[in-house]
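Biologist: I would like to learn how to read a protein model. Can we go through one step by step?

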Amino acid sequence: MKNRFLVLAGLIMVLVPTLLGCSSGSSLLGRDEAIIDNSDSADLSNKRIGVLIYQFSDDFMSRFSEETEKYLDSLGFSKENITMLDALNNMDTQLEQAQQLIDEGYDALIVNPVNVNVVRPITDMASAAGVPVIYINREPEASEESRWEDYNLNMTYVGCDARQSGIYQGELVLSLGESAVDKNGDGSVKYYLIEGAPENIDARYRSEYSVATIAHEGWNMDCLYTGVGNWDTATARELVAKALVAHPEVELIICNNDAMAIGAIEALNAADIKPGQDILVVGVDALPQAIEYVKDGSLVGTVFNDYISQSHNAVDAAVRYITGEGNKHYIGCDYIKVNRENADEIAEIVNK
């Protein structure tokens, strides 16, 4: 699967700069993946670990946080030595939280960055104090990851490659056939793009690669509207409601995550437009509500962002640093496409 993904990513990379200006950015191909075994021999009861989350109210990060805490407990970390902090989507707050835990001598940090700009200062303060950091879910800039390699810093990123999630979104749309998407048959798919956050690499890759994957198959893509939904249902609902007034001819709404896809569906319902029939919507994350929308046809599909494997890999990486084993600087995972055929199976995983 990895080789197939890299080949397709390389092919559609050449299309990205030509895609109507709805999103922009560059990408680097090539990743090393590491499989980390759970450590059951070390006594971790007196080790302190901090988990810094950009915003607990984010549906995906809420699930990640819960799973991380359960897994830390199962490995023998004492509850009083597990600190989980909410940055409330504020960069300064997260920097203060990181500095506090580093000053208090925590053994490792797991950090979901508010944005890429916090990564370098956290890395610098942690490295100076000898505290390893595992960044999760929001990938740092390639130049920052290269710095970890060049200076052999005890920093690791754990997460799925967002380009793959964008490719999978595109493939979900392609699987319907062009005539089912281009409903007026004019030879052009008219779409909205609802993005997570402009400074977020994952959002940028999902935007670029979802559209490029479709265009790679020869479909003409016409971007009517792009808006920043900040990963939020209410914000996306408002954006789509306004866009429908200005550009009612839309046929497809591509959302960087499921929370925003749910907002898009709510906006369509409020406008007496049938999602999945009149206008198609696609998301990422496989949130429980989104999976139900996949089942009833309101959502074309979603992409399972496996918070379970990511949380376990992040904790395992922290344990390896704590016990002196070390890690590679990148630990990857694969997304999973979710459509009506496998929605029940994925639902069993996320609802357990």
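Biologist: Which residue of β2 does Ile49 stand opposite?

Modeller: This is a predicted model, so keep that in mind throughout. Ile49 stands opposite Ile82 in β2.

Biologist: How do I read the link between two parallel strands?

Modeller: Look at the pairing, then at what the chain passes through on the way. β3 and β4 pair in the parallel sense over three bridges, and Val133 in β4 is the bridge partner of Leu109. Together with helix α4 (residues 119-129), β3 and β4 make a right-handed β-α-β unit.

Biologist: Through which helix does the chain cross from β4 to β5?

Modeller: The crossing goes through α5, residues 142-151, and this β-α-β crossover is right-handed. β4 and β5 pair in the parallel sense over four bridges. In β5, Thr156 is the bridge partner of Ile134.

Biologist: At what angle do α4 and α5 pack?

Modeller: For two helices, read the angle and the distance between axes together. α4 and α5 pack at about 20°, with their axes 10 Å apart. Angles under 35 degrees count as roughly parallel, and α4 and α5 are therefore roughly parallel to each other. Their crossing is right-handed. On the α4 side the contact is made by Val119, Arg120, Thr123 and Asp124, and on the α5 side by Glu144, Arg147 and Trp148.

Biologist: What is the strand order in the open sheet of four strands?

Modeller: The order is β7-β6-β8-β9, with parallel pairing. β7 (221-228) and β9 (280-282) are at the edges with a single partner strand each, so one side of each is left without a neighbour in the sheet. Neighbouring strands of this sheet are turned by 20° against each other on average, direction ignored. Strand β6 (residues 189-195) pairs with β7 over seven bridges in the parallel sense, and Ile194 stands opposite Gly227 in β7. Helix α9 (residues 233-246) packs on the sheet and touches β6, β7 and β8 (252-255). The direction of α9 makes about 150° with that of β6.

Biologist: Is Asn200 buried or exposed?

Modeller: For a single residue, ask where it sits, how accessible it is and what it touches. Asn200 is found in the loop between β6 and α8 (201-216). The relative accessible area of Asn200 is 6%, so this residue is buried. Apart from neighbours within four places in sequence, Asn200 is in contact with Arg138 and Trp231.

Biologist: What does Lys47 contact, leaving aside neighbours within four places in sequence?

Modeller: The contacts of Lys47 are Phe77, Asn81, Asp107 and Ile322. Lys47 lies in the loop between α1 (2-13) and β1. With a relative accessible area of 24%, Lys47 is partly exposed. Lys47 and Ile82 are 35 residues apart along the chain, and their C-alpha atoms are separated by 8.7 Å.

Biologist: How many helices and strands are there in the protein?

Modeller: There are 13 helices and twelve strands. The protein has 352 residues, of which 58% count as buried. Among contacts with a separation of 6 or more, 77% are between residues 24 or more positions apart.

Terms used:
Residues numbered from 1 in each chain as written. Predicted model: local features only at pLDDT ≥ 70, side-chain atom pairs only at ≥ 80, totals over all residues. Heavy atoms only, no water. Pairing = 2+ DSSP bridges. Axes fitted to C-alpha atoms, helices over the stretch in contact; angles between N-to-C directions. Contact = heavy atoms within 4.5 Å. Right-handed = clockwise from strand over helix to strand, strands pointing away. Parallel < 35°, antiparallel > 145°, perpendicular 65-115°, else oblique. Left-handed = near helix turned anticlockwise from the far one by under 90°. Buried < 20%, exposed > 50% of the residue type's maximum accessible area, 1.4 Å probe, protein only.
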